[in-house]
Amino acid sequence: KAATLGPLLQQIMQLYQAEFRQRGVHCHLYIQADRAVAYDAAQIEQVLINLIKNALEAFTLPTFSRASPAISLTLNTIHDQQL
């Protein structure tokens, strides 16, 4: 079943809003193109959650010295290819 990814990204970002605020992390979601694609929602959701968790963990490393950490997620079409 084909669906757009935008709503899933928005849902995941909403899920982490409280943690972003608590850690002082600025998070930005840019949806530049949101075409319907076939994907496994559970698998894509897990991948996105893992990426966000990894980014949040990286901000707590002793070597991270940025005063204002930020996470940016961009949804866009790389190229338009017809199969």
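Contact here means that heavy atoms lie within 4.5 Å. Helices (H or I, at least four residues) and strands (E, at least two) are DSSP runs, numbered from the N terminus. The structure is a predicted model, in which local features need pLDDT of at least 70 and side-chain atom pairs count only at pLDDT 80 or more, while totals for chains, interfaces and linings use all residues. Residues are numbered from 1 along each chain as its sequence is written, and side-chain values use heavy atoms, with hydrogens and water left out.

**Exercise 1. The overall layout**

Find how many helices and strands the chain has, and state the pattern that they follow along the sequence.

Solution. Start with the elements: there are two helices and four strands. Next, read them in sequence order, which gives β-α-β-β-α-β. Then turn to burial, where buried means under 20% relative accessible area, exposed over 50% and partly exposed in between (1.4 Å probe, protein chains only). By this rule, 22% of the 83 residues are buried.

**Exercise 2. Helix 2**

Check the length of helix 2, then work out where its buried residues lie around the axis.

Solution. Take the length first. The expected span of a helix is 1.5 Å times one less than its number of residues. Helix 2 covers residues 41-59, so its 19 residues should span 27 Å, and the 27 Å between its end C-alpha atoms agrees with this.

Now list the buried residues of helix 2: L48, I49, I52, A55, L56 and F59. Seen down the helix axis, these residues fall within an arc of 125°, so they line one face of helix 2; the arc is that of the directions from the helix axis to the C-beta atoms. An α-helix has 3.6 residues a turn, so residues three or four places apart point the same way. A42 and Q43 are exposed on the other side of helix 2.

Last, identify the packing partners. The buried residues of helix 2 pack against helix 1 (6-23) and strand 4 (70-75).

**Exercise 3. The core**

Name the residues that touch the most other members of the largest nonpolar core, and the elements that each supply at least two of its residues.

Solution. A nonpolar core is a set of buried Ala, Val, Leu, Ile, Met, Phe, Trp, Tyr and Cys residues joined through side-chain atoms within 4.5 Å. The largest such core has 16 residues, and those touching the most other members are I12, Y16, F20, V25, I52, L56 and I71. Helix 1, helix 2 and strand 4 each supply at least two residues of this core. Take Y16 as a case: leaving out residues up to four places away in sequence, Y16 touches I49, I52, K53 and L56.

**Exercise 4. Strand 4 and its partner**

Sort the side chains of strand 4 by face, then describe how strand 2 is joined to strand 4.

Solution. The side chains of strand 4 alternate. For the pairing, two strands pair if DSSP finds at least two bridges between them. Strand 2 (residues 26-31) and strand 4 run parallel and are joined by six bridges. One of the partners in strand 4 is A70, which bridges to H26.

**Exercise 5. I31**

Decide whether I31 is buried, exposed or partly exposed, and list its contacts beyond four places in sequence.

Solution. I31 lies in strand 2. Its relative accessibility is 36%, so I31 counts as partly exposed. Beyond four places in sequence, I31 is in contact with G6, Q10 and L75.
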